[in-house]
Amino acid sequence: MKVRTLLAAGAAVVAAVGFTASAQAGATFDAVKQRGFLQCGVNTGLAGFALPDSQGKWTGIDVDTCRAIAAAVFGDADKVKFTPLNAQVRFTALQSGEIDVLARNTTYSLSRDTSLGLTFTAINFYDGQGFMVNKSLGVSSAKDLNGATICVQPGTTTELNLTDWFRANKLDFKPVVIEKLEDVEAAFFSGRCDAYTTDASGLAGTRAAKAPKPEDYIILPEIISKEPLSIAVRQGDDQWADITRWVFMAQVQAEESGVTSQNIDSFADSPDPTIQRLLGKTPGMGEALGLPENWAYNAIKQVGNYGEMFERNVGEKTPLGLKRGLNALWTQGGLQYAIPIR
C-alpha cells in the first residue's frame, strides 16, 4: 500500500510541475554544465554506499559513482555536491529537479521505470533482500521467523517483498514500519523487533557501522528477492542518461581490460583498440556524448575502475566484508558486463 501511495504521489508531482519529456529534453546536462557541479542524491547514511564522516566528507560506492560522473563531465571528481534523501522523498527530489542524478541503492523495477518519469541507466550493484537477527534469538533460517516482529521501512520494494515472501511460505509476521533509516536501525538494535529486513548489502553496512557489538548479529542465509540497484535520472534528457550510463560502463570496461587508477598512464600506447577508445586516444566516443575525449580517462584516473570502487567501499577487506558474488565481472562468474565502447 505504501509503494502504491508513493507511485501516486510521484505521478502527482510530475503533473504539478508540468513534467514532460519534451519540456525537459536536454535541460539537465546544460544545467549541470552551467552550474559548475553535479547535484547527486544519495542515502542519508549507509556504510559502504553513502556515509558522511565527522568533517562532512562523503564516501561509498554510490558516492564514487557520482564522483566518476563529475570527473567525466568537468575533469574534476570533486565537483559534486551530495543531497541525503530518505526512501520516501528520493523520487520526488529527482522529478522536481532538486538533484541531477539519483545514486541511492535504489531498485530498478517495472513500476518505477514506467510510472515515475525516471530512466534507470546502469546497475551499479546487484543485491537481494535478506534478514538480520541477534544471535540470541537462536534462529538460523528466515523460515524460523514465523510470528516474529520485523522492522522495515515503508515506501520501498522491501516492504512488498516481505509480505510476498511470508505469504508464499505460509508464515505469519508482525511488521514494525518506521520511516527514517536511523530510527528503524535503532528500533532493531534496542530489541523492539526480532529481525530487520532490507537489502543484504544494507544489512552488512548497518551491522558494521551501527551495531553495538557487530559480532552479536547474523545475516540469515535466505535472499528473498532480486534487487538490481541502479543509477536513475529524469526521463527526457537522453544525452544526460547516456553520460551516466557510459561513465559506469567505462569503469566496468576498465576492470575488464586491467586498467586501474594507478596504472592507467602505462596504457597510453596500448595497441588494444578497446583501450585506445576508452582512453580517448582514438577520438569519437567523447564527441558522441558531448564530452571531452578524455572523459573516461578522468573518471578512471580519479575514481578508479569498478573493481576498485567495490573493494574500497564494500569489499572483503572493509568492515562490510562483501564478496564480489553477482557483482563480479562476467568473465569471473558475475553479472557485471560492459557494453562495447565503440
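The charged end of K81 sits over the ring of F37, 4.3 Å from the ring centre. A charge counts as sitting over a ring if NZ of Lys or CZ of Arg is within 6 Å of the ring centre and within 35 degrees of the ring normal. R324 is placed over the ring of F310 in this way, with its charged end 5.2 Å from the centre.

The model is predicted: local features need pLDDT of at least 70, side-chain atom pairs count only at pLDDT 80 or more, and totals for chains, interfaces and linings use all residues. Residues are numbered from 1 along each chain as its sequence is written, and side-chain values use heavy atoms, with hydrogens and water left out.

A search of the whole structure gave 16 aromatic pairs. Rings of Phe, Tyr and Trp (its six-membered ring) pair if their centres lie within 6.5 Å; planes under 30 degrees apart count as stacked, over 60 as edge-to-face and the rest as tilted. F125 and F310 are stacked, at 5.9 Å centre to centre and 5 degrees between the planes. F125 belongs to strand β6 (residues 118-127) and F310 to helix α14 (residues 306-313), so this pair ties together parts 185 residues apart in sequence. Helices (H or I, at least four residues) and strands (E, at least two) are DSSP runs, numbered from the N terminus.

F248 lies in helix α10 (residues 238-257) and Y306 in helix α14, 58 residues apart. F248 and Y306 are both buried. Ring pairs join F49, F125, F248, Y306 and F310 into a cluster.

Terms used: Buried means under 20% relative accessible area, exposed over 50%, partly exposed in between (1.4 Å probe, protein chains only).
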